[in-house]
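The following exercises ask for a close reading of one model, each with a solution worked out step by step.

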Amino acid sequence: MQKELTRCNFELGLLLVLRVGEPSQRYRLRAPDNPNPPSRVLTPKTGTPTPTRRGCGLNIIRYKRISSTNTKAKTLVEKGAADWTVLVSEVQTQGRGRSGRSWKSPKGGLWFSLIIRPKIPIERIPLLQFWVANALRKGIEEAYGVRPEVKWPNDLVVDWKKLAGILIETKISGPEVVYAIVGIGLNLNLSAEQLPTGATSIFLVKKKRFSLEKTFSSILTVLERHYETSRDENAVVSDWWKHCAHRMKPVIIETGNGKIRGKCLGVNPDGSIIIQTERGNITVPDGTLRLDA
Ligand code: BTN
C-alpha cells in the first residue's frame with residue numbers, strides 16, 4: 001500500500017482518463033506592461049514534447065490560469081503523466097507555498113511544476129531540494145547575471161529578499177519514491193506592488209523585464225544538467241552551502257517546538273541544518289529561518 005510522507009500534503013486525486021483539457025490550447029504569456037511582445041512570448045504549443053539534451057523530451061503543458069500547477073501536476077501524475085512533464089501557468093489562483101502557506105502568483109512571474117520519478121531511496125528525498133535550488137540559482141545567474149543566494153530550506157534570496165521558492169511534494173511506496181512534484185515560483189517581472197513584503201523580483205533587481213520563455217527554458221536546461229549529477233550528495237550539498245546566505249551567520253529558526261538561536265554551521269544531505277547553540281550543536285530538521293540581527 002502506498003504511503004505518503006508526512007511533510008507532503010497531497011489530497012487523494014481521482015483516477016480518471018488522462019485528458020489535458022483545462023489548459024489554454026494556444027496563448028501567449030507576456031510580461032506585464034510589455035510594449036514589445038515578440039521577445040517576451042512563451043511558445044504556445046501546448047503539450048508538445050520539446051527535444052532536450054537528454055533526448056527523452058519534455059512534455060510541457062501550458063495554462064493561462066490554474067489553481068496551482070503543483071495541485072494539477074498531482075492529478076496528472078496520478079493518472080500516469082510522463083516523467084519530466086512540466087506544467088507552467090501564467091497565473092495561479094491558489095498558488096501554494098511551504099507549510100500550507102499561500103503563494104502569490106500574479107501575471108509576470110514564472111510558476112511551474114515538474115513531474116519526476118527519481119530512482120532514489122526515500123532517505124535521499126531532501127537532496128532534491130538542494131538539487132533544485134542549485135539549478136535554479138545557476139539558471140538565474142546564467143540568464144541575468146543576478147547572483148541569488150540560497151536560504152534554508154529551499155528559498156532563493158537577493159539581499160535577504162525572497163526571489164524564488166521551491167515546493168517539493170513526493171509520494172512514496174515502501175522504501176521507494178513513486179514520484180516527486182517540483183514546484184518552482186520565480187518572481188520574474190513582478191513590480192513592488194505585486195510582491196508580498198520581504199520579496200523581490202528580477203525586474204526590481206535589474207530594472208528591466210525579461211522573457212518568461214527564455215527564463216523557463218534556461219532553468220529547465222540547468223535542472224536537467226544537474227539531474228545527472230544530483231546523485232553525488234556531497235557535491236550537491238557543498239554547492240548549496242557555498243552559496244548559502246546564512247553560512248556561518250547567527251540565525252533564529254522558528255520550529256514547531258519554539259525558537260532555536262545560534263550560528264549556522266552547515267546542512268546535512270538529509271535536509272537538516274546544523275546550528276551551534278549555547279547548549280551545543282543542534283540538528284534541526286525543519287523550520288523557518290531568519291538572520292539574528
Ligand atoms: C515556498 O517558498 O513556500 C514555496 C513556493 C512554491 C511556489 C510554486 S509556484 C509553482 C508551484 N505551484 C504551487 O502552487 N506552488 C509552487
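**Exercise 1.** Locate Trp160 among the elements, and state whether Trp160 is buried, partly exposed or exposed.

Solution. Trp160 is placed in the loop that runs between strand 6 and strand 7, where helices (H or I, at least four residues) and strands (E, at least two) are DSSP runs numbered from the N terminus. The model is a predicted one, in which local features need pLDDT of at least 70 and side-chain atom pairs count only at pLDDT 80 or more, while totals for chains, interfaces and linings use all residues. Residues are numbered from 1 along each chain as its sequence is written, and side-chain values use heavy atoms, with hydrogens and water left out. Trp160 counts as partly exposed because its relative accessibility is 27%, given that buried means under 20% relative accessible area, exposed over 50% and partly exposed in between (1.4 Å probe, protein chains only).

**Exercise 2.** Describe the backbone features of Trp160, Lys207 and the bond between Trp152 and Pro153.

Solution. As background, most residues other than glycine have a negative phi, and most peptide bonds are trans. Trp160 has a positive phi, near 65°, and Lys207 likewise has a positive value, near 60°. Lys207 belongs to the loop between helix 3 (202-206) and helix 4 (212-229), and with a relative accessible area of 67% Lys207 is exposed. The peptide bond joining Trp152 and Pro153 is cis, with omega about 0°, and Pro153 lies in the loop between strand 5 (149-151) and strand 6 (155-158).

**Exercise 3.** Determine where Ser105 lies, whether Ser105 is buried or exposed, and which polar partners its side chain has.

Solution. Ser105 is situated in the loop between strand 3 (85-92) and strand 4, and Ser105 is buried, since its relative accessible area is 5%. The side chain of Ser105 makes a polar contact of 2.9 Å with the side chain of Gln92, a polar contact being a pair of N or O atoms within 3.5 Å in which, within protein, one must be able to donate a hydrogen and the other to accept it, and residues adjacent in sequence count only if both atoms are side-chain atoms. A polar atom of the Ser105 side chain also lies 2.8 Å from the backbone oxygen of Trp103.

**Exercise 4.** Characterise the surroundings of Arg62.

Solution. Arg62 is part of strand 2 (residues 58-66) and is buried, as its relative accessible area is 3%. Its side chain forms a polar contact of 3.3 Å with the side chain of Glu213. The C-alpha atoms of Arg62 and Leu87 are separated by 5.9 Å, although the two residues are 25 residues apart along the chain.
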